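Keep the structure open while you read.

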Amino acid sequence: MPLANTATSVPVVVDEGKCIADKGCTVCVDVCPLDVLRISDLTGKAYMKYDECWYCMPCEADCPTGAVTVNIPYLLK
Amino acid sequence: MDDIRSGLSEVECDVLVIGGGTAGPMAAYKARKKNPEATVILLEKANVKRSGAISMGMDGLNNAVIPGHSTPEQYTKEITIANDGICDQAAVYKYAQNCYSIIQELDQFGIRFQKDETGEYDVKKVHHMGTYVLPMPNGDTVKKALYRQLRRMRVLISNRFMATRLLTGKRGRAAGAIAVNTRSGEFLVIRAKAVIMCMGAAGRLGLPTSGYLFGTYENAANSGEGYAMAYHAGAKLANLECFQINPLIKDYNGPACAYVAGPFGGYTANSRNERFIECDYWSGQMMQEFYNELMSGKGPVFLKLNHLHEDTANHIEQILHTVERPTRGRFHDGRGTKYARDMIEMHISEIGFCSGHSASGVYVDEFARTTIPGLYAAGDMASVPHNYMLGAFTNGAVAGEDAIDFAAEVDFDDYDGEAIAVERERVLAPTRREDGIPPNQIEYKIRRLVNDYLQPPKVTKKYEICQARLAEVREDMENAMVARDAHELMRAAEVASILDCADMAAFASLFRQESRWGLYHWRVDHPERDDEAWNCHVLLSKMDGAMSCEKRAVQPYIIPIADDEKDAYYNQRVRAQA
């Protein structure tokens, strides 16, 4: 069976103006228990690649520049 | 990152600890502390800095046995009664005796516990009988404090490796584990003289009512690998039919925290603002009353704080919104809920396995030893009932100290090299397909079936239908699941554990032909508790490649339970006032 690309809105938002992933920071990617964040090849900034969030907040709490915000996933908010 | 690479390396250690949440770091720390010459590897699917049930911290100890407030004898009695008599007391009693020294050790790590004006621990009463709840004002620092100790003790940490199977040796002992890198698909074989499993609950078993796969009560990374791996290695698992079901904030699915709010005067109420249970401590009997209230027309059920002084309600809000699950505040803000003004709607959680709150776990004795020599289990996945975070720390310590001694006495047990090739092929199969069914769809279907058919009340016919449906899903999983990158490969491996756990939940529940533990094992076709036939453990294991159950006698009690005490947890419903 072929696969489709179905859109979902993701709860973790990164302020690209504040994110310093392009300087080599990977803190949010490192601490996520579900391993759902990545650094974009295009922008050099962190983003949520997989919509598999426990809305637990280490990414936001440990970000050195306050760039990450964890929202409540739409299905349960 | 995430591209699948081919690779296989092998390392050796004295003790392998799998799982870097709560019990695991303590086990590794204690093992190294006892024998600084030994090599200890701590393997973690995520990152030890922020993994496990307490990734953000914990707001208190739920089961602290502190001199002057309670005794190990009282606590052992309370947990035996809460667990309907099915309790090997030796492990609970040992925990109760040891946990105070662990609290003092955690204190030295920099984790503070609440003290009153005289400098004594400020312990609160939440349980039905005794007093065991101790708040942690800086509970958000737990993981950082643990990590510092691991570094200090020079434990070897291996992050982003997910163990998929245990290795057992030709002499029948634990021989190590096979793991896959969650970002590259490369394999790591860890040979060990002893293995300690601290892999958490099976928290992705039922589907949350929100429908969001990762909106679980447990950390969603805890998908039941420990249970599945122990099963496939031939270890026995105890009382899996004693499900975990918890009272939670509806939709948010985090704890409403009557443990925090109760001592301030908060309580669980129905939609008429009436209290209907006397005790908010989580037990199967309490959950049965909760369920009955929801179904009676008097629901929904709420956490009620709005009768308290505004400052008190705001203080509770401040605790609940900063520790353990801090996004709780954001959830309430989104709906405009204020604790001082509004009641907070609650609901019951999806089912799971978790001895931290109930009793379902890999069968262990008071040394955290499983039924396989050299294999240990601690924390939410081991069978010591109601052991919570402090139980994970305390029993993790027990496991670490016993395992390091065991490892000093034995040599590596040889394993069958073929097992590694077979396991690699099993794990990588979803990457060999061009298209098929992605792991998230298989997972959704399994967990939807769990909700439709397995969550209590347990009906025999529904269980049989579920087993048939799950067998069909297993065919799909084995023959058609597709993973396009290493991350999906991790999810695919998790799905296999989730399905194994669903099968075990069904099989164990059908075996125990009585009702026990309130809602946790409410068998509609066998509605009464039957102490004649079933005052025993049910042990599930793999025999000749198939699932099998047996009865195991409860060990003779160390602390006797009087006849008029043993049903105390059934007398929780608030009686009508005369």
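The side chain of B:D280 makes a polar contact with the side chain of B:T268, at 2.7 Å. Keep in mind that this is a predicted model.

**A buried aspartate**
- B:D280 sits in the loop between β11 (267-269) and α7 (284-295) of chain B.
- Which side chain of opposite charge is nearest to B:D280? B:R275 is, at 4.5 Å.
- B:D280 is buried but has no salt bridge. A salt bridge needs the nitrogen and the oxygen within 4 Å.
- Leaving out residues up to four places away in sequence, B:D280 touches several residues, including B:V126, B:Y259 and B:M286.

**Where the two domains meet**
- Chain B is divided into domain 1 (247-348) and domain 2 (426-533).
- The centres of domain 1 and domain 2 of chain B, taken over C-alpha atoms, are 30 Å apart.
- Eight residues of domain 1 of chain B are in contact with seven residues of domain 2 of chain B.
- The area buried between these two domains is about 550 Å². Carbon and sulfur atoms give 69% of that area.
- B:G284, B:Q288 and B:Y291 supply 70% of the area that domain 1 of chain B buries against domain 2 of chain B.
- α7(B) gives the most to the side of domain 1 that touches domain 2, with five residues.
- Two residue pairs are in polar contact between the two domains. The count of salt bridges between them is zero.

**Salt bridges**
- Over all chains, the count comes to 50 salt bridges.
- B:D413 and B:R171 form one of them, at 3.1 Å from N to O. This pair links distant parts of the chain, 242 residues apart.
- B:D413 is buried, because its relative accessible area is 2%, under the 20% cut-off. B:R171 has 54%, so B:R171 is exposed.
- B:D402 and B:R369 also meet in a salt bridge, at 2.9 Å. B:D402 lies in helix α10 and B:R369 in a loop, so the pair ties together parts 33 residues apart in sequence.
- B:D402 counts as buried at 14% relative accessibility, while B:R369 counts as partly exposed at 35%.
- B:D251 forms a salt bridge with B:K250, with the closest N and O atoms 3.1 Å apart.
- A network of salt bridges links residues of both letters, among them A:E52, B:K45 and B:E225.

Conventions. Residues are numbered from 1 along each chain as its sequence is written. Chains are lettered from A and ligands numbered from 1 in the order in which they are written. This is a predicted model: local features need pLDDT of at least 70, side-chain atom pairs count only at pLDDT 80 or more; totals for chains, interfaces and linings use all residues. Side-chain values use heavy atoms; hydrogens and water are left out. Helices (H or I, at least four residues) and strands (E, at least two) are DSSP runs, numbered from the N terminus. Buried means under 20% relative accessible area, exposed over 50%, partly exposed in between (1.4 Å probe, protein chains only). Lys and Arg count as positive and Asp and Glu as negative; His and the chain ends are not counted. A polar contact is a pair of N or O atoms within 3.5 Å; within protein, one must be able to donate a hydrogen and the other to accept it, and residues adjacent in sequence count only if both atoms are side-chain atoms. Contact means heavy atoms within 4.5 Å. Domain bounds come from an automatic or database domain assignment. Buried area is the accessible area (1.4 Å probe) that two parts lose on being put together, summed over both.
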